[in-house]
Amino acid sequence: MFAEMKSSKASSSSCFINVFLISVSFCTIYLLVLLYLFRASEVANIPASSQGASAPTSLEHLVFGIASNRGSWLDRKEYAKLWWQPQKMRGCVFVESMPDNESYYNDSSSNSLLPPVCISEDTSRFRYTYRGGDRSAIRVARVVSETVALNHSGVRWFVFGDDDTVFFPENLVKTLSKYDHELWYYIGTNSEIHGQNWLFSFDMAFGGAGFALSYPLAKVLAKVFDSCLERYPHLYGSDSRIYTCLAELGVGLTHEPGFHQIDVKGDVFGLLATHPLKPLVSLHHLDHIDPIFPNMTAKQAIAHLFEAVNIDSERVLQQTVCYDRWFSWTISVSWGYAVQVFENHQFLPDVLRAHKTFRQWKKGHVVQEGYLFDTRELHIDPCRRPTIFFLDRASSGEDGIESTYRQYNSSDNCSLDMGLPKKLAEVKVFSHKLDLKIKQLQAPRRYCCDVLPFSQGEVLQLAIRECKEELIHIH
C-alpha cells in the first residue's frame, strides 16, 4: 500500500515538471517572437537616408554651387569641362542673367559636358556699403542658400567654388569621406598669404579655393542667411559674409590644405612641387599665374595635368624624395607633375620647402610678403639649381603605372659634366595606383622611392613604394 502511494506521488511530480518545462518553452518562444517583431518595426521606421548612411560617400552625394557671371562663363567653362562629370554630379552655375543670345551658355556641342546654368535671384533689397567694392558679392554669397533651395535628395555635402576653381573630384570625395556628414562641418582653406588672412580672417574659407558644408549645416545656414546679409552690409566679399554667418552659428573652419586659393602670381612651380601630404582637391586663379607646364596655355596645362589625374588622382602632386648613392643626387618626385634632380645631397626638410619661384599677390606692404608655408630662396646661380623634368606622358597597365618626365631647362649654359643631372634627358617613374583608406588619410605618411639599378645613359628610372619602418635620409 505504501509503495503504491509512493509511486503515485512520483508520477504526479514528473507530470508537473513536464508541464512546467513546456510552459517555459512556450513563454520563451513568445518573448523571442515579440522581440523580433519589435526590432523589425524599428528598422521599418528608420528613414531611407539613415539606412544608407553607412554607404561610402561618392560624387552622387555632392551638390555643387558655382559662382560665375555672364561675362566670364564663356571662357571659364573650359575649366569646368575638365572636371565636371555630368552623369555623376549635380548642381548649378549661377549667373546674374542670361545674355540676349542664350546659346552663349547652352552651346549644343558642349552643353552636355557642363553643369546647368541657373539665374541668381534678385538681391537689390540688400544693402552693400563697402566703399569701392562690388555689390555682386551679395549675389555670389547667396549661391549657398540658392543651391540648397534646389532641393536635391540624398545630399551629404554641398560644395562651392568660383568659375575658375578646378576641382579634382575623386580627391574631393576622399577628403570629405573622413568626416561625419551628419555633423556640422565647414571645410576649406584660407589664403597662402599672411596679408590676405590678416585682412579678412585666418579662420575663413576663401571661396575661390572652394569649400564644403555638410548637409545639416547648409540647411540651417540657408534658413538664416538673409538675416546675416542684412547685418553685415559693410563687408567686402562673399566669403566674408558666409564666414560671419557661420561664426554666428558657432561653427569654425576645418582646415584642409588640399584646397588651394593660389594667392600668388607668376611661376607657381615651387608651390606645386612641394604639395602637402593631403590629396590635391582644388586649384584657383589659373588665369593669374603662369601656365603650370612650359610651352602651353593655362587651359592646355591643366588639361595635361588631368592626363595624370585620370590615371592616379590620389597620387597627383604627392612629393616623394629619394637619394642616389652613386652620384650623390637628391631626387624629388611630384608625381604627375615634375621631377627635380639636385646635383648634391640635400637634407629632407630643405627639399620639402617651396622654392620661391612665385611672387607676391600684392606689392608695397610688408605684411603681404609673408607666406603660410615654408619657403626657401632659389640659388643665385641657375646652374646650381635643380634640373627640372616635367610630365611628358603617363600610362597604366597590368604591371602598374609608368610616368615619364622630360628635361625642360636643358638650354641653360651650364657644364654637362658626367656627374651632373643635366646630362639626363628623361626620368621614368614606376608606381601603383594609390587608394588610401580613411585611416591612412587621417594619418598620412610620405611614400618612399628607389633609384633602379638599370638606370643608365640619359634615362633615370625610379620606383615609388610604401615606406616600411625606415628613414628617408642621406645615405
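**Reading surface, core and cavity**

Visitor: What does the accessible surface of the protein come to, and what share of it belongs to carbon and sulfur atoms?

Guide: The accessible surface comes to about 23800 Å², and 54% of that belongs to carbon and sulfur atoms, with areas taken from the Shrake-Rupley method with a 1.4 Å probe. This is a predicted model, in which local features need pLDDT of at least 70 and side-chain atom pairs count only at pLDDT 80 or more, while totals for chains, interfaces and linings use all residues. Residues are numbered from 1 along each chain as its sequence is written, and side-chain values use heavy atoms, leaving out hydrogens and water.

Visitor: How many helices and strands does the protein have, and what percentage of its residues count as buried?

Guide: There are 13 helices and 21 strands, which are DSSP runs numbered from the N terminus (helices H or I, at least four residues; strands E, at least two). Of the 475 residues, 48% count as buried, that is, under 20% relative accessible area.

Visitor: Where do the nonpolar residues gather into a core?

Guide: In soluble globular proteins, nonpolar side chains tend to be buried together. A nonpolar core is a set of buried Ala, Val, Leu, Ile, Met, Phe, Trp, Tyr and Cys residues joined through side-chain atoms within 4.5 Å. The largest one here has 80 residues, with Phe64, Trp83 and Ile292 making the most contacts inside it, and helix H11 (residues 298–309) gives the most to this core, with seven residues. Apart from this core lies another of 34 residues, among them Tyr128, Leu221, Cys228 and Val251.

Visitor: Is Cys245 buried or exposed, and which residues does it touch?

Guide: Cys245, in helix H9 (residues 238–248), is buried, because its relative accessible area is 0%. Leaving aside neighbours within four places in sequence, Cys245 is in contact (heavy atoms within 4.5 Å) with Leu221, Val224, Phe225 and Cys228.

Visitor: How many cavities does the structure hold, and what lines the largest?

Guide: Rolling a probe the size of a water molecule over the atoms shows where empty space is left. A cavity is a set of points on a 1 Å grid over the protein atoms alone where a 1.4 Å probe fits but cannot get out, and lining residues have an atom within 4 Å of a point. Of the 13 residues lining the largest cavity, Val140, Phe160, Gly161, Phe211 and Ile242 are the closest to its centre.

Note on methods. Buried means under 20% relative accessible area, exposed over 50%, partly exposed in between (1.4 Å probe, protein chains only). On a 1 Å grid over the protein atoms alone, a cavity is a set of points where a 1.4 Å probe fits but cannot get out, and a pocket is an open set with protein on both sides within 12 Å along at least five of seven lines; lining residues have an atom within 4 Å of a point.
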